[in-house]
Amino acid sequence: MPTNFTVVPVKDNSKKGTNRIEEDDEDDNNVLKEEDEGATASLLRMEQRAGSRRRGDGVPKENSPFINNTDIDKGNSYDGTNMALFEEEMESNPMVSSLLNKLANYTNLTQGAHEHEEADDDEGPKKKAVKSPQMGTFMGVYLPCLQNILGVILFLRLTWIVGTSGILESLASVVLCCSCTMLTAISMSAIATNGVVPAGGSYYMISRSLGPEFGGAVGLCFYLGTTFAGSMYILGTIEILLTYIVPQAAIFVAEKKEDEVNALLNNMRVYGTCCLALMSLVVFVGVKYVNKLALVFLACVILSILSIYAGVIKTIFEPPDFPVCMLGNRTLQNTNFDSCLKTEFVNNMTVTTKLWGLFCDGRDLNATCNEYFVNNNVTLVQGIPGLKSGVISENMWSTYGPLGMLVENKELSSLEATDNSQDVYLPYVFNDISTFFTLLVGIYFPSVTGIMAGSNRSGDLRDAQKSIPIGTILAIATTSFIYVTCVVLFGASIEGVLLRDKFGDSVKRNLVIGTLSWPSPWVIVIGSFFSCCGAGLQSLTGAPRLLQAIARDGIVPFLQVFGHGKANGEPTWALVLTAGICEIGILIASLDAVAPILSMFFLMCYLFVNLACALQTLLRTPNWRPRFQYYHWALSFLGMSLCLALMFICSWYYAIVAMAIASCIYKYIEYRGAEKEWGDGIRGLSLNAARYALIRLEEAPPHTKNW
């Protein structure tokens, strides 16, 4: 059996030897006690330095308010060079220049992608020298998490969710979803502070701590969620392109109003497939091109958020002019007419308008018109009355309804018609899907995912045990604040009928959140377009590498073929499978239909993380000793329960299918692939249970029948 020896430096005390011989026995005991304590402290310090070298940072562990430290640790707090704010260069370079340098080199790629990029650039047998990880909490965890959490749902669906659910129920959705991710982040922090954090991201961190069964189930659920997230981002990109930027580019054009939905879905399928092929080609050629645009995508997200807040503040003094045309209390699509009038005076003559022609069988004053059009007047309502308007009281409550329900303002007077069968052919704003609370929770949940973006870069972090908990929790807190304030501000400054207008048909096909932004709606349109492009590229970059890592571990035998790739390690076969699964989401073609699917896989992933942490604490697994001081098994259990509840709230049948898939993965790995020995907690739990049973057997002689 191998034995480890540790050399302890001992000071030369030969000159004091004569004096010590002359002292009494009590003094000798005190001296020996002091020497033993000094040797022990020296031994512990050397072990800490060896541990830090094994972690790859070459610097002793930092003290953090989020990590429980022993008394000996406190004596060593902030040794070395980690007192610098960003890097060692801070001793010579100004803070501003160092920060700008780090922003210029900002990347949202994982460590595996960096290694493949460097391998691709290397020429000849010589490899680049291994660099110690230098990324801190802000650049390495906080910004990537922020960029991955904020995205397509915020820009394209949050206003519609607020208008349909009302402010109160929208806040309930935000609190439920953000609480779920915050509790999961606490469990992730416990895993990150349970021993040395391995390089390789969330999958390696979880599987090496929780075992191959839990690790494989979490990894594959995370992979499927990330892949369908790529579909969602691509669909969001195409929706912005065809609806708000170049609607003339549509291949399928509906001749009748009732065919508009099918035409839009077919356009999404064609353009989405082309976009997926282009993005896959970019990822295949080299992730360095994605890396060069990482800062651009991050800037688009931040500028878009700032423009929203600036626009809200501007509505206090000068609300933007986006009038909504109402016929009675019904909202009209303001795309095929210029003036919100039935008739107008031209050269002292009364002539009909384009609006008249949409509701009547001709442009003549004596033409036969729709009954509701004849009975009601047209009025203009300000789409964004501003924060001082008091519209918040009208948007406080929900307005759910079935497919085809008219978007109406109940505050306006209206005379109903006896026959409404022709309404579907008229230019009203309708619900394109049936709406209810649980559906909107499923659509909203993807907007809070992305919390593992920081832990995916564990190998790039200077001190992963400190950076992952602090950066992830701060990013969730920041995005939760943004979502809560946006819900309240949208409901307080935008008219309810415009909020419920999903595609902005009542304001000449302007993006609803763009009408609120300052200085121009194009800031949000362009910003959200590039943000969705960047998120889609990030998903197609990260998902194949995650599948490659699972395949190379060998815990799922039939996936081993996806561990191979190009000479530089680029996961070619994994990219092909990822693109194929992503195409399934694109063929669904509806952002509202894809969002609940990826919600299920992310919720299953988070459920497994919380369940594993709670079980290891309750069953007292020997090697489960997280040092994150705010962790408690009850929080993990609450997070697991919340994940399970959200799954059934979003869609009970999707939840059953997702749980069946995850359970099959777990049992399959347990039956066929769990041959890896990582010193994980579940294997340690089995050994502990066997030891306990053997000790119990020795307490009394076995009975004959039992023997």
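Visitor: Why are helix H10 and helix H22 called roughly antiparallel to each other?

Guide: The axes of H10 (residues 212-245) and H22 (residues 591-618) come within 8 Å and cross at roughly 155 degrees. Axes are lines fitted to C-alpha atoms, for helices over the stretch in contact, with angles from 0 to 180 degrees between N-to-C directions. Angles under 35 degrees count as roughly parallel, over 145 as roughly antiparallel, 65 to 115 as roughly perpendicular and the rest as oblique. H10 and H22 are therefore roughly antiparallel. The residues of their contact comprise 24 nonpolar, four polar and one charged; Ala, Val, Leu, Ile, Met, Phe, Trp, Tyr, Cys and Pro count as nonpolar, Asp, Glu, Lys and Arg as charged, and the others, Gly among them, as polar.

Visitor: On what basis is the model read?

Guide: The model is predicted, so local features need pLDDT of at least 70 and side-chain atom pairs count only at pLDDT 80 or more, whereas totals for chains, interfaces and linings use all residues. Residues are numbered from 1 along each chain as its sequence is written, and side-chain values use heavy atoms, with hydrogens and water left out.

Visitor: What makes phenylalanine 138 and tyrosine 142 a stacked pair?

Guide: Rings of Phe, Tyr and Trp (its six-membered ring) pair if their centres lie within 6.5 Å; planes under 30 degrees apart count as stacked, over 60 as edge-to-face and the rest as tilted. For phenylalanine 138 and tyrosine 142 the values are 5.7 Å centre to centre and 20 degrees between the planes, and the pair is stacked. The two residues are four apart in helix H6 (residues 137-149), and therefore separated by about one helical turn.

Visitor: How do you know whether phenylalanine 138 and tyrosine 142 are buried or exposed, and what is the case for asparagine 348?

Guide: Buried means under 20% relative accessible area, exposed over 50%, and partly exposed in between (1.4 Å probe, protein chains only). Phenylalanine 138, at 39%, is therefore partly exposed, while tyrosine 142, at 16%, is buried. Asparagine 348, at 80%, is exposed; this residue lies in the loop between strand S3 (343-346) and strand S4 (349-352).

Visitor: Why is arginine 330 said to lie over the face of tyrosine 372?

Guide: A charge sits over a ring if NZ of Lys or CZ of Arg is within 6 Å of the ring centre and within 35 degrees of the ring normal. Arginine 330 lies at 3.7 Å from the ring centre of tyrosine 372. Likewise, the charged end of lysine 342 sits over the ring of phenylalanine 373, 4.6 Å from its centre.
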